[in-house]
Amino acid sequence: MKVIIMQPPYPACPADAENTIKWQIDQLRQLAPGEADLVLLPENANCAGPADVEGKLALINGAGAEYVAELSRTAVRLQCPVMSGLTNIGSDGIMRNQLTVFTPDGENFSPYTKIHLTEPELAIGIEPGKTPAAFECNGIKYGAAICFDFYFPEMFVEYAKQEIDLMLVASHQRQERPDILETVSAARAFDCGCTLLRSAPAMPNANIGGRSLIASPEGKLLANAGGTPGVIRMEIDPKARFVRSASFSEPDRVIDYRQTLMCSRKNLEA
């Protein structure tokens, strides 16, 4: 499976927000049919920059709308799913932070809504999601998390129970140290027992944020975009698993280690 993960520049100031959207559109237009089986972009990719509602809405309805249209055109042109974190306005008028999937037949759906919202998101009326539920696309079973969700391991354990094939993290983390982003990504891949794909923006300071990456089921980093804008291209096996002996005393019982953990896991809730 050929995956492409984009790491756009984060706007240096709110006035630069449209340039970030243009960067993403330009990169999408450069992709050629047959080059990808999946394209992943970050959280809030249609409205990165402004923190206030008015600024977000102006982008969503302006340059962000053209970006969303380009996502759909790219999925049709490449004949592969294109997935991006978006701030969407529902038919009920409510803002939600979602992963949206654009399909090769020109349709789109938003299978996941961010559960763990930050205080600034709650303050401007963004509504949280309720549950982490896997979804399928082109025969692959995906789990999704958005930004702050990243810090809650129980969510990734829930995806392990659902036996997902690939874990997607659309992120917007703008002040985290690189070593934390890399270490936690590796741990989350291990937690959910499959390959993890992470897309995030590059900050003006290359020593924080960024780190779009691919982590293997055993927690190895297979690709890392570092701290500058760029694009990851890599071929992966979506069915890769961490396989090892079930325990020290059972060297001949070699299984998907996720199964061992699920069978032995205790319910620690009060």
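Modeller: This is a predicted model. Start with the largest nonpolar core, which has 41 residues. Within that core, Met83, Tyr142, Met167, Leu168 and Leu197 touch the most other members. Take Tyr142 as the example. A second core is separate and holds 23 residues, among them Ala17, Trp23, Cys47 and Tyr67.

Now the sheet. It is open and has six strands, in the order S6-S7-S8-S9-S10-S11. The pairing is mixed. In general, strands of a sheet pair through backbone hydrogen bonds, either parallel or antiparallel. Strand S6 (135-137) and strand S11 (221-224) are the edges, and each pairs on one side only. From one strand to the next, the twist averages 25 degrees.

Strand S10, residues 213-215, pairs with S11 in the antiparallel sense, over three bridges. There, Ala215 stands opposite Leu221 in S11.

Next, the helices. Helix H5 (residues 153-161) packs on the sheet and touches strand S7 (140-146) and strand S8 (166-170). The direction of H5 makes about 170 degrees with that of S7. Helix H6 (residues 178-192) lies across S8, strand S9 (195-199), S10 and S11. H6 runs at about 40 degrees to S10.

Definitions and conventions
Residues are numbered from 1 along each chain as its sequence is written. This is a predicted model: local features need pLDDT of at least 70, side-chain atom pairs count only at pLDDT 80 or more; totals for chains, interfaces and linings use all residues. Side-chain values use heavy atoms; hydrogens and water are left out. Two strands pair if DSSP finds at least two bridges between them. Helices (H or I, at least four residues) and strands (E, at least two) are DSSP runs, numbered from the N terminus. Axes are lines fitted to C-alpha atoms, for helices over the stretch in contact, and angles run from 0 to 180 degrees between N-to-C directions. Contact means heavy atoms within 4.5 Å. A nonpolar core is a set of buried Ala, Val, Leu, Ile, Met, Phe, Trp, Tyr and Cys residues joined through side-chain atoms within 4.5 Å. Buried means under 20% relative accessible area, exposed over 50%, partly exposed in between (1.4 Å probe, protein chains only).
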